[in-house]
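Notebook open, model loaded. I want to jot down what I look up, one spot at a time.

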Amino acid sequence: MSGHGAPVPMISHPSGPLRGEARIPGDKSISHRALILGALAVGETRISGLLEGQDVLDTAAAMRAFGAEVARHGPGEWTVRGVGVGGFAEPDRVIDCGNSGTGVRLIMGAMATTPITATFTGDASLNRRPMGRVTEPLALFGTRAHGRAGGRLPMTVIGAADPVPVRYRLPVASAQVKSAVLLAGLNAPGETVVIEAEPTRDHSERMLRGFGATIETGRSEEGHVITLTGQPELVPQRVAVPRDPSSAAFPVCAALVVEGSEITVPGVSRNPTRSGLYATLVEMGADIAFDDPREEGGEPVADLRVRHSALRGVEVPPERAASMIDEFPILAAIAALAEGRTVMRGVAELRVKESDRIDAMARGLEACGVEVEEERDMLVVHGRGAGGVAGGATVESRLDHRIAMSFLVLGLAARAPIRVDDGSPIATSFPDFEPLMQGLGAAIGRDAV
Ligand code: S3P
């Protein structure tokens, strides 16, 4: 688990052109869901392209603790023999979800309407994050939860013995909360309804449908409405996990800012609920081609071709935030190398991610010689243009993989190397980040302690 071992200091140096093909690992969101829905189906689900990052491995271990048989057969090749909706066994140990908010929140939902008790914990980052956003809607089903002050982990969840279906309007744009409610709704009789103001990533809806659940989506004056019919028998599936657009963002942005670069990134998910960064990059003047658009594993994908580009600052529309919520750290990093200001509004959710990402990016960028403005739900980066970022700083990653990777990318195009105090969290989502970036020609590596 991240944060449990010794820190791994890392450094990136100004680099020559990046060239070649970047084969990105499987999508993290889809990998968690494939394991959880596989565990709730009756029979054997086969998964290919599963992300073998620590977050997902922790979810695999949790599914075993709830009674599913989970086996690895080769790189990314996994099977899950599920126990059926309502069939989870009571775990005989504490469920440690490591660094993963997605893991813990989805699993809480998946067990919340089964009459069993489970205790959840995580690393120092996860144990600081709010769980009330999940336990409040789960209480409407009849689930009880006892955690630390402020709804923090460690927390014990007592599943509802006689769950009732729920109608719930999301107070924050969160696919994790939406998914927790839908997963809980699986074992409640009748229809569970979730309403969201802005659509968030829809992998749970797509995959629930794929596993045979009846789920309808539509728009009303209240917003985007998702209706799930409870107590289906989920049918095991073959799930081909597409490559993660959030991980792809790091080599893509690196190629955009390192002069002379040209890379290809095959088979990246183009799901519109995940594509906000790519729309923003194009507006900034990025030269990105989306070749051979097609469908793989129920998700739209394309092959990306990315060339070094002169970038200009932009205003990101707040309604786009949900579709690029994990990409603001890398956007903030490369915005420092653009001409003019980049304005990111409606981003308060960044404060409750693996770290307070507004604060982490603001402090790190300032240390690298970049001017920023910060409010509770806004970050403005004053771009210094190509070659304008001094670097030469050590930045704290704060147990946050995306903060670590964002500054390592920035160091490739800064005037002096950028050090990151601890790169170990990168293993939660992108275990091959370092060799993959090195393979493209990036001077990223371990730093002397
Ligand atoms: C995720 C949802 C998002 C995202 C996270 C993955 C998911 O979190 O930041 O990395 O897989 O549902 P929120 O639901 O908190 O926005």
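This is a predicted model: local features need pLDDT of at least 70, side-chain atom pairs count only at pLDDT 80 or more; totals for chains, interfaces and linings use all residues.

Which residues gather in a patch of negative charge on the surface? I find E371, E373, E375 and D377 there.

Next I checked where E371 sits. E371 is in the loop that runs between α10 (357-367) and β20 (372-375).

**Strands around β19**

I went on to β19, residues 339-345, and looked for its partners. Strand β18 (residues 315-316) runs parallel to β19, and two bridges join them.

**Salt bridges**

How many salt bridges does a search of the whole structure find? My count from the search is 36. I picked out E52 and R72, whose side chains meet in a salt bridge at 2.9 Å, N to O. E52 is in the loop between β3 (42-48) and α2 (54-65) while R72 is in strand β4 (residues 69-74), so this pair ties together parts that are 20 residues apart in sequence. As a reminder to myself, side chains of opposite charge can pair when their charged atoms come close.

Which way do β4 and β5 run, parallel or antiparallel? They run antiparallel, with five bridges joining them. For E69, the bridge partner I found in β5 is R81. β4 and β5 make a hairpin with two residues between them, and G76 in the turn has a positive phi of about 75°.

On to β3: six bridges join β3 to strand β5 (residues 77-83), again in an antiparallel run. Here I47 has W78 of β5 as its bridge partner.

Two backbone items to log. Where is there a cis peptide bond? I found one joining L153 and P154, with omega at about -5°. P154 belongs to strand β9 (residues 152-158).

The other item is D292, a residue other than glycine with a positive phi, near 50°. I placed D292 in strand β16 (residues 287-296).

Definitions and conventions: Residues are numbered from 1 along each chain as its sequence is written. Side-chain values use heavy atoms; hydrogens and water are left out. Patches are made of residues with over 30% relative accessible area and no salt bridge: like charges are joined within 9 Å, nonpolar side chains (Val, Leu, Ile, Met, Phe, Trp, Tyr) within 5 Å. Accessible areas come from the Shrake-Rupley method with a 1.4 Å probe; for residues, only the protein chains shown count as cover. A salt bridge is a side-chain nitrogen of Lys or Arg within 4 Å of a carboxyl oxygen of Asp or Glu. Lys and Arg count as positive and Asp and Glu as negative; His and the chain ends are not counted. The place of a charge is taken as NZ of Lys, CZ of Arg, CG of Asp or CD of Glu. Helices (H or I, at least four residues) and strands (E, at least two) are DSSP runs, numbered from the N terminus. Two strands pair if DSSP finds at least two bridges between them.
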